Amino acid sequence: LGNGRKQVSSLELEIRQLKDRLADEEEARESAETRQDGLRKNAAEKASALELERQKAAHELDVKDTQIVDLQSRLGQVEREAEVLRKGVEDKERRLASLVEGDGSHSRALVAQVEMRVREQEANQLQKYDQELALMQRRVITLQETVKALEDQLSESQSKQREAEAARQAAEL
């Protein structure tokens, strides 16, 4: 009987130890689940923030693309206007040359003055259009550089988003 009591006591002690270990393991499991939930939440928040950043960068790219298209359209218009002016000046020079050659009654000094005024006007208009063209070209280059920087930023943001997604998936496992 004494031996049986010792065995019962030993079994009871072993049962308490097993219950304690079970409680410790349950507590460790709950703690791990809590940490895993925190990691999932953190990964989801980072993914959300990165998505917002990506959307903002994409919107900025759209705006810059629109600005580039507008500037290119304006540049084409300025080039067409410059060509029209060049043709107008050439036409006036031909008519002036025709007058000088065909009608000797006009004073050569008067013709020279008219020719000088026409050339000054042409030079002023061409200078104006050349300056505007150079300005537009600088703007286009600046916008292209901005678009490139935004594309790089978007690419980096997408990379971070993929990393956050991978981390979130790893945390779910």
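About 13,200 Å² of accessible surface belongs to the chain, and carbon and sulfur atoms make up 51% of that area. Accessible areas come from the Shrake-Rupley method with a 1.4 Å probe, and for residues only the protein chains shown count as cover. The model is predicted: local features need pLDDT of at least 70 and side-chain atom pairs count only at pLDDT 80 or more, while totals for chains, interfaces and linings use all residues. Residues are numbered from 1 along each chain as its sequence is written, and side-chain values use heavy atoms, with hydrogens and water left out.

**Overall form**

The chain has two helices and zero strands (DSSP runs numbered from the N terminus: H or I of at least four residues for helices, E of at least two for strands). Its radius of gyration is 41 Å, well over the 16 Å that the globule rule gives for 173 residues, so the chain is more spread out than a compact globule. That radius is taken over C-alpha atoms, and the globule rule is 2.2 Å times the number of residues to the power 0.38. Along the principal axes, the C-alpha atoms fill a box of roughly 155 × 15 × 15 Å.

Buried residues account for 16% of the 173 in the chain (buried is under 20% relative accessible area, exposed over 50%, partly exposed in between, with a 1.4 Å probe and protein chains only). Of the contacts between residues at least 6 apart in sequence, 90% join residues at least 24 apart; a contact means heavy atoms within 4.5 Å.

**Salt bridges**

The structure holds 13 salt bridges, each a side-chain nitrogen of Lys or Arg within 4 Å of a carboxyl oxygen of Asp or Glu.

Glutamate 33 and arginine 29 are four residues apart in helix 1 (residues 2-102), so about one helical turn separates them. Glutamate 33 is partly exposed at 37% relative accessibility, and arginine 29 is partly exposed with a relative accessible area of 37%. Glu26, Arg29 and Glu33 are linked in a network of salt bridges.

Aspartate 37 and arginine 40 are three residues apart in helix 1, which puts about one helical turn between them. Aspartate 37 is partly exposed at 45%, and arginine 40 is partly exposed at 25%.
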